[in-house]
Amino acid sequence: MSERLALAMQKSGRLSESSQKLLLKAGIDFSLRSGALRIKAANFPLDLMLVRDDDIPDYVARGVCDVGIVGKNLVLERGLGLNTRLELGFSRCRLAIAALDGSGIKAVKDFAGKRIATSYPESTRIFFENLGIQIDVVPISGSVEITPALGIADGISDLVSTGATLKANNLLEIATIYQSEALLVSSETSLSQTKQKILDQLLVRFRGVLRAEQAKYIMMNAPSSQVEAIRSVIPGLENPTIMPLSGRGDRVALHAVASEPIFWETMERIKALGGSSILVVPIEKIID
Ligand code: PRT
Ligand code: ZN
């Protein structure tokens, strides 16, 4: 039987929908069945292992799975020396320190000698240790945000995305320990040649999906004299194709891939430089 790459991903939670979408956009077909923990992709040598996100760093480090999709927060917290193969750009959040509004704690140094409740004890301990501030870490497995109000801790260190949870619990954000996003990780042990080939192919597809999500194809007609000025206002513009417009010696058609999003302001600047019939269209896939 030919070798297949085993990828660990979250079964259900904040990472799962985006992980599944990424695979589908990369052309990998699979059908989720409730209760199934291992699913074979139909058209690609990939097996999906559906697990709790907390288990992913360990499974990958021990070689139970070859690669995993997991938050950078868990990779840093576990400190297992995994290799980041690709930053996936979704499930963005930050590990932040917060204290009750009105508690008198306004800066990181004010935490000296205080208790901080967290599900990220290692990340929190290292952060304060590096600053030379002594604190007591109170490890908590869930609902960390309630602990200051209960008198269990003076502050918390927890993941934040919108900040709504902190606000709802009257907590003030004091500092960021680190930013996080979903990562594709592998262990430090090298894969077999076949598995490495599968991973390389997967990486090309994932990169293509991520680039295409950001990139836009832009088309317009423009005065020949303004082509350089227009190029300079479009962010991340790759070499444009310039074509003559029949019967209009003074104007050309310009087509290009812009690797960054194009906002209305950019469109207005292009128009002010004489651009017309400006079209910005999404790109589905890119391979260099
Ligand atoms: O069941 P399983 O163990 O697999 O899932 P889980 O419940 O442990 O994790 P889950 O699904 O909540 O989160 C999975 C991953 O999503 C995390 O490890 C992060 O990498 C990422 N992520 C992104 C977040 C958040 N944003 C986030 N906001 N994880 C948790 N939160 C929580 C946070 O702990 C706090 O309770 O959301 C609340 C804050 O959100 P805001 O929007 O109010 O700031
Ligand atoms: Zn979890």
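A residue is called buried when its relative accessible area is under 20%, and exposed when that value is over 50%. Thr124 has a relative accessible area of 0%, so this residue is buried. The model is predicted.

- Asp54 is partly exposed, because its relative accessibility is 27%.

**A buried threonine**
- Thr124 sits in helix 4, which covers residues 121-131.
- The side chain of Thr124 makes a polar contact with the side chain of Ser157. The contact is 2.8 Å.

**Nonpolar surface patch**
- Ile146, Leu150 and Ile152 make up a nonpolar patch on the surface. Together they have about 250 Å² of accessible area.
- Leu150 belongs to helix 5, residues 147-150. Leu150 counts as exposed because its relative accessible area is 56%.

**Positive phi angles**
- Asn170 is not a glycine, yet its phi is positive, at about 60°. Asn170 lies in the loop between helix 6 (164-168) and strand 10 (171-180). With 42% relative accessible area, Asn170 is partly exposed.
- Ser277 is another residue other than glycine with a positive phi, near 45°. Ser277 is in strand 15, residues 276-282. Its relative accessibility is 56%, so Ser277 is exposed.

Note on methods:
Residues numbered from 1 in each chain as written. Chains lettered and ligands numbered in written order. Predicted model: local features only at pLDDT ≥ 70, side-chain atom pairs only at ≥ 80, totals over all residues. Heavy atoms only, no water. Buried < 20%, exposed > 50% of the residue type's maximum accessible area, 1.4 Å probe, protein only. Patch = residues over 30% accessible without salt bridge, like charges linked within 9 Å, V, L, I, M, F, W, Y side chains within 5 Å. Areas by Shrake-Rupley, 256 points an atom, 1.4 Å probe, with all protein chains shown as cover. Salt bridge = Lys/Arg side-chain N within 4 Å of Asp/Glu carboxyl O. Helix = DSSP H or I, 4+ residues; strand = E, 2+ residues; numbered from the N terminus. Polar contact = N/O pair within 3.5 Å; in protein donor to acceptor, adjacent residues only side chain to side chain.
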